[in-house]
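These are my notebook entries on one structure, written down in the order in which I looked things up.

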Amino acid sequence: PRRKNYTPLPNEVFSLGLSPGELAVYAYLLYCEDRRTYQSWPSYKTIGRAIHRSKGAVKRYVDGLVVKGLITAEPTSVIMQNSLKKNGNLCYHIRPISEAVKLHYQHQLYLAEVAAERQRAQEKLAAQNVDAPCSPL
């Protein structure tokens, strides 16, 4: 339930390895979100003003949130009074936190498997170097 002057932040978000900037953008998007549609439309400039960061930094934070599965960002367009079509703000969709957590754990598992494979390969190479005969001078 929505409370006045209160924006809930899921506890799980703290286990996802977000940077402070990503966390600030995520919290601001939740603050702006329409709770019925899970959408918000603030510009990079508006987000930047709210979290005291540049537009470029906000773009990097948004990109990080997309990669981590917390949000999707879709371009929008606006028809001006003179009938010209211009790019609008991105439309952000807040994704279920459970999906982001699942994606995070899948990525962590993948990294562990890669590290284990690398360790096995290093051990195999070390064993081959020990068993190799000395080469003539």
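**Salt bridges**

I began with a search of the whole structure, which is a predicted model, and the search returned six salt bridges. Side chains of opposite charge can pair when their charged atoms come close.

I looked up Arg35 and found its side chain in a salt bridge with that of Glu33, at 2.6 Å from N to O.

I then turned to Lys59, which forms a salt bridge with Asp63, their closest N and O atoms lying 3.1 Å apart. Both residues belong to helix α3, where they are four residues apart, about one turn of the helix. Lys59 is partly exposed, with a relative accessible area of 39%, and Asp63 is partly exposed too, with 35%.

One further entry concerns Glu99 and Arg95, whose side chains meet in a salt bridge at 2.4 Å, N to O. Glu99 counts as partly exposed at 36% relative accessibility, and Arg95 counts as partly exposed at 29%.

**The sheet and its helices**

I next traced the open sheet, in which three strands follow the order β1-β5-β2 with antiparallel pairing. Strands β1 (39–40) and β2 (71–74) stand at the edges with a single partner strand each, so one side of each has no neighbour in the sheet. Between β2 and β5 (residues 91–94) I noted four bridges in the antiparallel sense, and I found Ala73 opposite Tyr92 in β5.

Two helices lie across these strands. Helix α1 (residues 20–32) lies across β1, β2 and β5, running at about 95 degrees to β5, while helix α3 (residues 55–67) lies across β2 and β5, running at about 120 degrees to β2.

**Gln39**

Is Gln39 buried or exposed? I recorded Gln39 as buried, because its relative accessible area is 19% and the cut-off for buried is under 20%. Gln39 is found in strand β1, and its side chain makes a polar contact with the side chain of His93 at 3.4 Å. Leaving aside residues up to four places away in sequence, Gln39 touches Cys32, Glu33, Asp34, Cys91, Tyr92 and His93.

**The nonpolar core**

Last, I looked up the largest nonpolar core, which has 23 residues, and those with the most contacts inside it are Val25, Tyr26, Ile47, Leu70 and Ile71. At least two residues of this core come from each of α1, α2 (44–51), α3, β5 and α4 (97–131). Not counting residues up to four places away in sequence, Ile47 touches Val25, Tyr28, Leu29, Pro42, Val58 and Tyr92.

Methods:
Residues numbered from 1 in each chain as written. Predicted model: local features only at pLDDT ≥ 70, side-chain atom pairs only at ≥ 80, totals over all residues. Heavy atoms only, no water. Pairing = 2+ DSSP bridges. Contact = heavy atoms within 4.5 Å. Axes fitted to C-alpha atoms, helices over the stretch in contact; angles between N-to-C directions. Buried < 20%, exposed > 50% of the residue type's maximum accessible area, 1.4 Å probe, protein only. Polar contact = N/O pair within 3.5 Å; in protein donor to acceptor, adjacent residues only side chain to side chain. Core = buried A, V, L, I, M, F, W, Y, C linked by side-chain atoms within 4.5 Å. Salt bridge = Lys/Arg side-chain N within 4 Å of Asp/Glu carboxyl O.
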